[in-house]
Amino acid sequence: MANLLASDLSNDLFGNTDTPSSILIELPAGWQTTFWQVSGDLMGWETRNTIFSQHSPSNTFSFDVHVSNELATLEVSTAAWRLAHSTAPLAMRWRGSLPSGILDALSELMAQSDQFEYEALDSAPSMTDYLAQINSDEEALLKEASAQGQPTRLGLYSKSFPTAPLLTRLWMDGHSVVVVDKSHYALEKAQEIFVSEKVRLVVD
């Protein structure tokens, strides 16, 4: 994702080096959304993720890139680059045809190298500054994970999706995270999922 942002979608390509590139991420809560967020953040882009802040048409934040799983949203978008990202399980591309001017996000991503090929902008945060964005409520999860003494598969049963800085820190420490949405699954079903996923630590 970072390679795609730098190589094909950055406003630097058009000589605009004074204003950081920007991306609006309008996808359901999940790992794909988080990866777009982390890629944008750590490349020094301005990012807006509608999981955490509601975007409205009157907002003056100008987007160079708009990623969504809703075609209707993309068709009225004024972003320079509009990417349709299928979040269907195991999807390799957008199912069906796309209107002119809208790119298939998954196809564009698969055309990129697996090796990181670019440098982040000067405006990119250091990893220390990025992880410092973890809020006090999330610190408790970090402490519980650290108390395990080794990388752990964590189960999080919550109505809110973990923030990108928190997940980045957990992944850097070797943990994996299974998130079950309280608003969609009862506790009994959540427990079944955690058992199936071999979760060692469950946090409510």
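Strand E6 (residues 153-158) is largely enclosed by the rest of the structure, because 5 of its 6 residues are buried. Buried denotes under 20% relative accessible area, exposed over 50%, and partly exposed the range in between, with a 1.4 Å probe and protein chains only. The model is predicted: local features need pLDDT of at least 70, side-chain atom pairs count only at pLDDT 80 or more, and totals for chains, interfaces and linings use all residues. Residues are numbered from 1 along each chain as its sequence is written, and side-chain values use heavy atoms, with hydrogens and water left out. Helices (H or I, at least four residues) and strands (E, at least two) are DSSP runs, numbered from the N terminus.

E6 pairs with strand E7 (residues 176-181) in the parallel sense, over 6 bridges. Pairing requires that DSSP finds at least two bridges between two strands. Val179 in E7 stands opposite Leu156. The chain passes from E6 through helix H7 (residues 164-172) to E7, in a right-handed β-α-β crossover. Right-handed here means that, with the strands pointing away from the viewer, the path from the first strand over the helix to the second runs clockwise. E6 also pairs with strand E8 (residues 201-203), again in the parallel sense, over 3 bridges. Leu201 in E8 is the bridge partner of Leu154.

An open sheet is formed by 5 strands in the order E2-E1-E3-E4-E5, with parallel pairing. Its edge strands are E2 and E5 (102-104), each of which pairs on one side only. From one strand to the next, the twist averages 20 degrees. Axes are lines fitted to C-alpha atoms, for helices over the stretch in contact, and angles between N-to-C directions run from 0 to 180 degrees.

Within this sheet, strand E1 (residues 22-26) is mostly covered, with 5 of its 5 residues buried. In a regular strand, side chains alternate between the two faces of the sheet. Ser22, Leu24 and Glu26 point one way from E1, while Ile23 and Ile25 point the other way. E1 pairs with E2 (residues 46-49) in the parallel sense, over 4 bridges. Arg48 in E2 is the bridge partner of Leu24. E1 and strand E3 (residues 65-68) also pair in the parallel sense, over 4 bridges. There, Val67 in E3 stands opposite Ile25. Further along the sheet, strand E4 (residues 81-84) pairs with E5 in the parallel sense, over 3 bridges. Leu103 in E5 stands opposite Leu83.

E1, helix H2 (residues 31-42) and E2 make a right-handed β-α-β unit. H2 lies across E1, E2, E3 and E4, and runs at about 160 degrees to E2. Contact means heavy atoms within 4.5 Å. The 12 residues of H2 should span 16 Å at 1.5 Å a residue, and this agrees with its end C-alpha atoms, which are 16 Å apart. The expected span is 1.5 Å times one less than the number of residues in the helix. H2 is mostly covered, with 9 of its 12 residues buried. Among the buried residues of H2 are Trp36, Val38, Gly40 and Asp41. Gly44 follows H2 and has a positive phi, near 90 degrees. Helix H1 (residues 2-9) lies across E1, E3 and E4, running at about 145 degrees to E4.
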